[in-house]
Amino acid sequence: QVSVVESGGGLVQAGGSLRLSCEASGRTWNRHVMAWFRQVPGKEREFVAGTIWSGGNTYYAESVKGRFTISKDNAKKTIYLEMNSLKPEDTAVYYCAATAGIDNRITTIKERYRYWGQGTQVTVSS
């Protein structure tokens, strides 16, 4: 199992940057696919970016490709989401998640993720 706790949300103006952090813990913390999702009221939670602890594989939603960067620090058991050139439409609650199974392939399907953080609010003003 794995537990995740995200932090770093806040209020920024359009064009600004913000970095989110997700600290993982648990006996199998490094055996799950890690991802960032986001959700706004009235909409489905959507995949933003994903990565794995081993190697450098990453995957991004088209809406954030080229602007967001997901990275990791294995020693700190932490996943980061560097968000640049933020837009008002990026406003959402951002969640860190880990897959239910022990796998090494990034998936965008939220049902595959079992472990979720509490969420951190990101608000981008226009």
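This is a predicted model: local features need pLDDT of at least 70, side-chain atom pairs count only at pLDDT 80 or more; totals for chains, interfaces and linings use all residues.
**Exercise 1.** Identify the disulfide and determine its handedness.

*Solution.* 
1. The criterion is a pair of cysteine sulfur atoms within 2.5 Å.
2. The sulfur atoms of Cys22 and Cys96 are 1.9 Å apart, and a disulfide joins these residues. The count under this criterion is one disulfide.
3. The S-S torsion of Cys22 and Cys96 is about -75°, so the disulfide is left-handed.
4. Cys22 belongs to strand β3 (residues 18-25) and Cys96 to strand β9 (residues 92-99), so the pair ties together parts that lie 74 residues apart in sequence.
5. Cys22 has 0% relative accessibility and counts as buried; Cys96, at 0%, is likewise buried.

**Exercise 2.** Classify the aromatic pairs that Phe37 forms with Phe47 and with Tyr113.

*Solution.* 
1. The whole structure contains seven aromatic pairs.
2. Phe37 is in strand β4 and Tyr113 in strand β10 (residues 113-116), 76 residues apart.
3. Phe37 is buried at 0% relative accessibility, and Tyr113 is buried at 4%.

**Exercise 3.** Locate the charged end of Arg45 relative to the ring of Trp116, and state the aromatic cluster to which Trp116 belongs.

*Solution.* 
1. The charged end of Arg45 sits over the ring of Trp116, 4.8 Å from its centre.
2. Arg45 also lies over the face of Tyr95, 3.7 Å from the ring centre.
3. Trp116 and Tyr95 belong to one aromatic cluster with Phe37, Phe47, Tyr59 and Tyr113.

Notes:
Residues are numbered from 1 along each chain as its sequence is written. Side-chain values use heavy atoms; hydrogens and water are left out. Helices (H or I, at least four residues) and strands (E, at least two) are DSSP runs, numbered from the N terminus. Buried means under 20% relative accessible area, exposed over 50%, partly exposed in between (1.4 Å probe, protein chains only). Rings of Phe, Tyr and Trp (its six-membered ring) pair if their centres lie within 6.5 Å; planes under 30 degrees apart count as stacked, over 60 as edge-to-face and the rest as tilted. A charge sits over a ring if NZ of Lys or CZ of Arg is within 6 Å of the ring centre and within 35 degrees of the ring normal.
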